[in-house]
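The points are grouped by topic.

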Amino acid sequence: MALWGRRIRTVALTAVLVMGASALQASAAVADPAPAVSAAASPVPAPSASPSPEPVTVYGYYRTPWTTDQSVYEVRTDGSVRRLSVAQWDRLGKPKRAVAPVSYVRASWSRTVYGLLTWPHHKGDRAVDDVVTLDAAALRSVGTPTSRVVGHVPTTRYSRYVSGPKDLYARTPDGVRHLLTARERAAAGSPKPHDVVPGGYYRAKWSKNVHFVAASGAQRVISAATYAAAGKPQVSIAPTVYARTPWSSTVHALITWPHRPGDRSVDQVVRLTAATYAAAGRPRTTTRYRIPGDSFVRLTVGDTVYHRLSGTLTPVTASQWRAAGSPKVRSVRPAKPAHIRDILIVNKSLPLPSSYGNGLRPELTRAFSTMKAAARKDGVSLTIISGFRSYATQKSVFASKVRQHGRAAAEKRSARPGHSEHQTGLAIDVNSISQAWGETKAGRWVAKHGPEYGFIVRYPKGKEKVTGYRWEPWHLRYVGTAVAKKLTSAKLTLEEYLRVPSRY
């Protein structure tokens, strides 16, 4: 048998009205006291006795139309209902049971049928007292009656998410939740929501991914099919603060996935690329010395303090570290491969795994092709004479240099296996491996114009103690146009820019 829904009749109590009247009389006596009465005055007549309320009696005994057992419901004249056991009904002499009046309805968006029950407690009573969800067996037992389609099923509660002020959900008596269409909302009488539920549907400003945020704070990205099945509810932009540190131009989005009123806690930190920042509308940023999830570290190969965030290391000065509150600095081993300021750095201090690399990187080959065409217009011919080298190849090259020049001299001319930039796929040797080539038209052209295409002379003249290698005007490293121009203009090596040593 189906479970009963919530009883919805409200009963007024006579005692409340009596108490209210007594309190009103007492208040009036205090606020406006009666004048004194002389002995000759006429006596005040005694108030007549209030009529006694009618006693509560049993109005009738009822059963539901789909009852298959001996269930009996005793209804009293005050509207109260008591379910009787078989023994109680026997002791009463098994009084006759009437069938409780029922109407059958369903919502336009559902096939579920509800029985709207009346437990009559006075003549002509047709108020709905209980709403019962009927299963297939219960409907068959009453002859599968035709149900009336209604816009509102009694006891339905209406709600919306914080994220969707334009939405309205109906939760029917059986607990099913449905997002109403504009037509369904109008048919329900345009009700106001009883509840505003924390959480809801949100997305980041730069993304089309819809996140569902539960009242607990848990959030997940939902598929397009799940979103469509939910009725395509209103999606709000998640509250976001856009921040950057004084030592980096990288923008981080500090996202709140709201799950309670006024929630502004940072739930997720996303590092934005140039494309995603543009997609967000290039919002104004705030400058912060600390961003949730960051830390300050020192690599075991040097003394520089780095700010670590989203897997990226950025060197900071002593004054910047103090401005951040002088946080604790942990000593960590450098990653293999190591990235600092988003630049892959390989030198004598920072090696690569032996398995790293599989050829020249596409960004390098595209940039070199463009640079080569520009050089040709200026009468300069550029050719790659050495590109990607695997760990095994570099091992052979270094051994050859050792045999040719001795180990000390070889280590100024060639990298040990695992320490070569050629293994990154971002370094090339062009035209000649003679230092004299650096003074030729082609060598001077590359040094001057290479940064326009993202290339730097990796081991410049006069920086041998910094890089650990002698001048190699032919060895070009691709770092991107912005960084290449900055380094060339400031006459900095990668070691100086990233503040790392280069020594075995």
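Among contacts in this predicted model between residues at least 6 apart in sequence, 60% join residues at least 24 apart. The chain has 504 residues, and buried residues make up 40% of them. Its secondary structure consists of 14 helices and 30 strands.

**Largest pocket**

- The largest pocket holds about 590 Å³ of space.
- Its lining has 29 residues, and those closest to the pocket centre are Thr250, Arg271, Arg341, Asp342 and Val483.
- Two or more lining residues come from each of strand E22 (305–309), strand E23 (312–316), strand E26 (343–345), strand E30 (472–478) and helix H13 (481–490).
- Helix H13 gives the most to this lining, with 4 residues.
- By class, the lining of the largest pocket has 11 nonpolar, 11 polar and 7 charged residues.

**Second largest pocket**

- The volume of the second largest pocket is about 450 Å³.
- This pocket is lined by 23 residues, and Ala447, Val457, Pro460, Lys461 and Thr488 lie nearest its centre.
- Helices H11 and H13 and strand E29 are the elements that give two or more residues to the lining of the second largest pocket.
- Its lining divides into 12 nonpolar, 5 polar and 6 charged residues.

**Helix H13**

- The buried residues of H13 are Val483, Ala484 and Leu487.
- Seen down the axis of H13, these buried residues fall within an arc of 100°, so they line one face of the helix.
- Ala482 and Ser489 are exposed on the other side of H13.
- The cover over the buried residues of H13 includes strands E26 and E29 and helix H14 (494–498).
- Val483 is one of the buried residues of H13 and is also among the residues closest to the centre of the largest pocket.
- Lysine 491 follows H13 and has a positive phi, near 55°.

**Enclosed space**

- The structure holds 1 cavity of 30 Å³ or more.
- About 40 Å³ of space lies in the largest cavity.
- Leu299, Val301, Gly302, Asp303, Thr304, Tyr306, Arg499, Val500 and Pro501 line the largest cavity.
- The cavity lining is made up of 5 nonpolar, 2 polar and 2 charged residues.

**Salt bridges around glutamate 411**

- A search of the whole structure finds 16 salt bridges.
- Glutamate 411 forms a salt bridge with arginine 407, with the closest N and O atoms 3.4 Å apart.
- Both of these residues lie in helix H10 (residues 407–413), where they are 4 residues apart, about one turn of the helix.
- Glutamate 411 also forms a salt bridge with arginine 416, with 2.9 Å between the closest N and O atoms.
- Glutamate 411 counts as buried because its relative accessibility is 14%, under the 20% cut-off.
- Arginine 407 is partly exposed at 46% relative accessibility, and arginine 416 is partly exposed with a relative accessible area of 26%.

**Other salt bridges**

- Glutamate 439 forms a salt bridge with lysine 461, and their closest N and O atoms are 3.4 Å apart.
- Glutamate 439 lies in the loop between strand E28 (427–430) and helix H11 (441–449), and lysine 461 lies in the loop between strand E29 (455–459) and helix H12 (464–467), so the pair ties together parts that are 22 residues apart in sequence.
- Glutamate 439 is partly exposed, at 44% relative accessibility.
- Lysine 461 counts as exposed because its relative accessibility is 52%, over the 50% cut-off.

Methods
Residues numbered from 1 in each chain as written. Predicted model: local features only at pLDDT ≥ 70, side-chain atom pairs only at ≥ 80, totals over all residues. Heavy atoms only, no water. Salt bridge = Lys/Arg side-chain N within 4 Å of Asp/Glu carboxyl O. Buried < 20%, exposed > 50% of the residue type's maximum accessible area, 1.4 Å probe, protein only. 1 Å grid on protein atoms, 1.4 Å probe; cavity = no way out; pocket = protein on both sides within 12 Å on 5 of 7 lines; lining within 4 Å. Points joined across faces, edges and corners; volume = space filled by probe spheres on them. Nonpolar A, V, L, I, M, F, W, Y, C, P; charged D, E, K, R; others polar. Arc of directions from axis to C-beta. Contact = heavy atoms within 4.5 Å.
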